[in-house]
Amino acid sequence: SAVLVRDAATLRHATYHADYLNPRRAAAERIPNQVDKSLQTTRRFDALKLWMTLRVMGAEGVGRLFDEVCDLAREGFRLLATDPRFDVVVEPALSTLVFRYIPRTVTDPSRIDHANLYARKALFASGDAIVAGTKVAGRHYLKFTLLNPETTVDDITAVLDLIAGHAEQYLGDSLDRAS
């Protein structure tokens, strides 16, 4: 939070001096310190980012961006629900999609888990995208948390294709090792 006052003298009654933080001598000599700038002393003023965003865009502008990522998540859900390569857990209430790659020829849940874990790691290592992971009913799933309103359905499609490609590569390689 922030407290803004027109006259700094208004807040003098709330000032406390401690030798290890902001000694009176330093204040008298006008030596700047972070204690006088924040109730959290040397911690950053993280609320400033939100405050500035709201001042520049307004609550309705921020709300529109939020609605855009929620709409995108619903479109992503429809995409996943109609793609036989993927199992999607639930229709999103906000901007998160939880899903997993399901190969046509593999039924062993452990191998499917490993293929999804491999795809996630390979995607991260490639630098193409970062996909989070989670567990549902003890199984490994992937997770998109859509936060950037500039993301498109085409972006989601491209990452899903990469996930499928990496998972198929893993399954092909694991079959080759087993032979």
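Residues are numbered from 1 along each chain as its sequence is written. Because the model is predicted, local features require a pLDDT of at least 70 and side-chain atom pairs are counted only at pLDDT 80 or more, whereas totals for chains, interfaces and linings use all residues, and side-chain values rest on heavy atoms, with hydrogens and water left out.

The chain contains four helices and four strands, where helices (H or I, at least four residues) and strands (E, at least two) are DSSP runs numbered from the N terminus. Along the sequence, these elements follow the pattern α-α-β-β-α-β-β-α. Of the 179 residues in the chain, 27% are buried; buried denotes under 20% relative accessible area, exposed over 50%, and partly exposed the range in between (1.4 Å probe, protein chains only). The accessible surface, computed by the Shrake-Rupley method with a 1.4 Å probe and, for residues, with only the protein chains shown counting as cover, amounts to about 12,500 Å². Carbon and sulfur atoms account for 55% of this surface. Among contacts (heavy atoms within 4.5 Å) with a separation of 6 or more, 54% are between residues 24 or more positions apart.

Strand pairing was assigned where DSSP finds at least two bridges between two strands. Strand 4 (residues 139-145) is joined to strand 2 (residues 96-101) by four bridges in an antiparallel arrangement, with Phe99 standing opposite Leu142 of strand 4. Strand 3 (residues 132-136) also runs antiparallel to strand 4, and five bridges join the two; here Thr134 stands opposite Tyr141. The hairpin of strand 3 and strand 4 has two residues between the strands, and Ala137 in this hairpin adopts a positive phi near 50°.

The largest nonpolar core comprises 27 residues, a nonpolar core being a set of buried Ala, Val, Leu, Ile, Met, Phe, Trp, Tyr and Cys residues joined through side-chain atoms within 4.5 Å. At least two residues of this core are supplied by each of helix 2, strand 1, strand 2, helix 3, strand 4 and helix 4. Helix 4 provides the largest share, eight residues. The members touching the most other members are Phe86, Phe99, Phe144, Leu160 and Ile163. In soluble globular proteins, nonpolar side chains tend to be buried together.

Ser95 is located in the loop between strand 1 and strand 2. Ser95 counts as buried because its relative accessibility is 8%. When residues up to four places away in sequence are not counted, Ser95 touches Val69, Cys70, Ala73, Phe144, Thr145, Leu146 and Leu147.

Six salt bridges are present in the structure, each defined by a side-chain nitrogen of Lys or Arg within 4 Å of a carboxyl oxygen of Asp or Glu. Asp113 takes part in a salt bridge with Arg100, with the closest N and O atoms 2.8 Å apart. This pair links distant parts of the chain, as Asp113 belongs to helix 3 (residues 109-126) and Arg100 to strand 2, 13 residues apart. Both Asp113 and Arg100 are buried. The side chain of Asp113 also meets that of Arg139 in a salt bridge (2.4 Å, N to O), which connects helix 3 with strand 4 across 26 residues. The relative accessibility of Asp113 is 5%, whereas Arg139 is partly exposed at 30%.

A further salt bridge joins Asp161 and Arg85 (2.9 Å, N to O). Asp161 is partly exposed, with a relative accessible area of 39%, and Arg85 is partly exposed at 26%. Asp83, Arg85 and Asp161 are linked in a network of salt bridges.

Leu4, Phe45, Leu48, Trp51, Met52, Val56 and Met57 make up a nonpolar surface patch of about 690 Å². Patches consist of residues with over 30% relative accessible area and no salt bridge, with like charges joined within 9 Å and nonpolar side chains (Val, Leu, Ile, Met, Phe, Trp, Tyr) within 5 Å. Trp51, one of the patch residues, is found in helix 2 (residues 47-81) and is partly exposed, with a relative accessible area of 39%.
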